[in-house]
Amino acid sequence: MPSSHSQLMWFFVVYFFLFLYLRMHQTNNARCVDLLWRHILSIILLGTALFVSYSRPISEYFLVRDTSLIPNILWFEYTVTRSEARNRQRKLGTKLQ
């Protein structure tokens, strides 16, 4: 799932795209400069949103913190399940092969 920063940034970009191209729609008297700054602003916003989306998983804060405990949890589950199986077999009187 994308981070909340990325979600907020994409919401902001889509909102401003719609605002720039639908709300500020002036085809009768639109000058070339007005159209140009709309396109430049749109490209800058899109680039910023892509940068935020790309930078969030690359930063080590999310990768290390979120994934460093997974092997430890799997090892704990494996050892606990194995010891419970051995205890169960001992109670039943048969050896675990």
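So, to start us off: in which helix do Trp75 and Tyr78 lie, and how many residues apart are they? Both lie in helix α4, residues 70-92, and they are 3 residues apart, about one turn of the helix. I'll come back to that pair in a minute.

A word on what we're looking at. This is a predicted model, where local features need pLDDT of at least 70, side-chain atom pairs count only at pLDDT 80 or more, and totals for chains, interfaces and linings use all residues. Residues are numbered from 1 along each chain as its sequence is written, and side-chain values use heavy atoms, with hydrogens and water left out.

Okay, the overall picture. The protein chain has 4 helices and 0 strands, so reading along the sequence you get α-α-α-α; helices here are DSSP runs of H or I with at least four residues, strands are E runs of at least two, and the numbering goes from the N terminus. Of the chain's 97 residues, 11% count as buried. Buried means under 20% relative accessible area, exposed means over 50%, and partly exposed is in between, with a 1.4 Å probe and protein chains only.

Let's look at α1. This helix runs over residues 4-23, 20 residues in total, and reaches 27 Å from its first C-alpha to its last. That is close to the 28 Å expected at 1.5 Å a residue (the expected span is 1.5 Å times one less than the number of residues). Which residues of α1 are buried? They are Ser6, Met9, Val13 and Leu20. These sit on the same side of α1, because they cover an arc of only 70° around the axis, taking the directions from the helix axis to the C-beta atoms. Turn to the face away from that buried side and you find the exposed residues Ser4, Leu8, Phe11, Leu22 and Arg23.

Now the aromatics. The whole structure has 5 aromatic pairs. Rings of Phe, Tyr and Trp (its six-membered ring) pair if their centres lie within 6.5 Å; planes under 30 degrees apart are stacked, over 60 edge-to-face, and the rest tilted. One of the pairs is Phe16 with Phe19, edge-to-face at 6.3 Å centre to centre and 75° between the planes. Both are in α1, 3 residues apart. Phe16 is partly exposed at 27% relative accessible area, and Phe19 is partly exposed too, at 33%. Back to Trp75 and Tyr78, then: that pair is tilted, 5.5 Å centre to centre with 40° between the planes. Trp75 is exposed at 56%, while Tyr78 is partly exposed at 44%. There's also one aromatic cluster, made of Phe11, Phe12, Tyr15, Phe16 and Phe19.

Over to α2, residues 32-58, which is where Ser42 sits. Is Ser42 buried or exposed? Ser42 is buried, with a relative accessible area of 6%. The Ser42 side chain reaches the backbone oxygen of Arg38 at 2.8 Å. Leaving out residues up to four places away in sequence, Ser42 touches Phe17, Leu20 and Tyr21, where contact means heavy atoms within 4.5 Å.

Last stop, the record. An unreviewed UniProt entry puts the annotation "transmembrane region" on residues 6-23 and 35-54; such annotations may be inferred rather than shown by experiment. In the model, residues 6-23 are 100% helix, with end C-alpha atoms 24 Å apart. Residues 35-54 are also 100% helix, and there the end C-alpha atoms lie 29 Å apart.

Terms used
Polar contact = N/O pair within 3.5 Å; in protein donor to acceptor, adjacent residues only side chain to side chain.
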